[in-house]
Amino acid sequence: MSDGTAARDDEFVAAFEARTLPPERFDHGGHLRMAWLYLRRHGFPDGAVRFMAALRAYVTHLGAHQKYHETITWAYVVLLNEELTLRATAGESFDELLDRRPEL
């Protein structure tokens, strides 16, 4: 991962956690990327728990708490963790993951 990518990832996470990330930057791909970043940084299950707590805070802040679905979120986080731990190559980027698993 290049320093530029790491910096962009850090900014993305920081904006999400500060609840300043514009909702248009947090589409389905944004959700997946954020969960992937949390899993990469904190492992499983800690990264999953941290991501879901931050996600609930973010959607509540936006007044969109009704859009949060715990079961679906867990399902995607578990799928991403499976990819990271069982199928990803060392240092695989998020974009490479999506190239390999576009159905996610």
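The side chain of arginine 33 makes a polar contact of 2.7 Å with the side chain of aspartate 9, a polar contact being a pair of N or O atoms within 3.5 Å in which, within protein, one atom must be able to donate a hydrogen and the other to accept it, and residues adjacent in sequence count only if both atoms are side-chain atoms. The model is predicted, with local features requiring pLDDT of at least 70 and side-chain atom pairs pLDDT 80 or more, whereas totals for chains, interfaces and linings use all residues. Residues are numbered from 1 along each chain as its sequence is written, and side-chain values use heavy atoms, with hydrogens and water left out.

Arginine 33 is found in helix α2; helices here are DSSP runs (H or I, at least four residues), numbered from the N terminus. Apart from neighbours within four places in sequence, arginine 33 is in contact (heavy atoms within 4.5 Å) with Arg8, Asp9, Phe12, Arg25 and Phe94. Helix α2 covers residues 28–42, and its 15 residues reach 21 Å from the first C-alpha to the last, close to the 21 Å expected at 1.5 Å a residue; the expected span is 1.5 Å times one less than the number of residues. Its buried residues (under 20% relative accessible area, 1.4 Å probe, protein chains only; exposed is over 50%, partly exposed in between) are Gly30, Leu32, Arg33, Met34, Ala35, Trp36, Leu37, Tyr38 and Leu39.

At the start of α2, a side-chain oxygen of aspartate 27 comes to within 3.3 Å of the backbone nitrogen of glycine 29. Just after the helix, glycine 43 adopts a positive phi of about 70 degrees.

Most residues other than glycine have a negative phi, and most peptide bonds are trans. Arginine 19, in the loop between α1 (3–17) and α2, has a positive phi near 65 degrees. This residue is partly exposed, with a relative accessible area of 36%. In the loop between α2 and α3 lies proline 45, which is joined to phenylalanine 44 by a cis peptide bond with omega of about 15 degrees.

**Helix packing**

The table gives two helix pairs; axes are lines fitted to C-alpha atoms over the stretch in contact, and angles run from 0 to 180 degrees between N-to-C directions.

| Helix pair | Angle between axes | Axis separation |
|---|---|---|
| α3 (residues 46–61) and α4 (residues 70–87) | about 140 degrees | 11 Å apart |
| α2 and α4 | roughly 55 degrees | within 10 Å |

Angles under 35 degrees count as roughly parallel, over 145 as roughly antiparallel, 65 to 115 as roughly perpendicular and the rest as oblique. Accordingly, α3 and α4 are oblique to each other. On the α3 side, Ala48, Phe51, Met52, Leu55 and Arg56 make the contact, and on the α4 side Glu70, Thr73, Trp74 and Val77. Helices α2 and α4 are likewise oblique to each other. Here His28, Leu32, Ala35, Trp36, Leu39 and Arg40 of α2 meet Tyr76, Val77, Leu80, Asn81 and Leu84 of α4.

**Arginine 100 in helix α5**

Arginine 100 belongs to helix α5 (residues 94–100) and is partly exposed at 31% relative accessibility. Its side chain makes polar contacts with the side chains of glutamate 83, at 2.5 Å, and glutamate 92, at 2.9 Å. Not counting residues up to four places away in sequence, arginine 100 touches Glu83, Arg87, Ala88 and Glu92. Arginine 100 and leucine 80 are 20 residues apart in sequence and 12 Å apart in space, C-alpha to C-alpha.

Key. Helix = DSSP H or I, 4+ residues; strand = E, 2+ residues; numbered from the N terminus.
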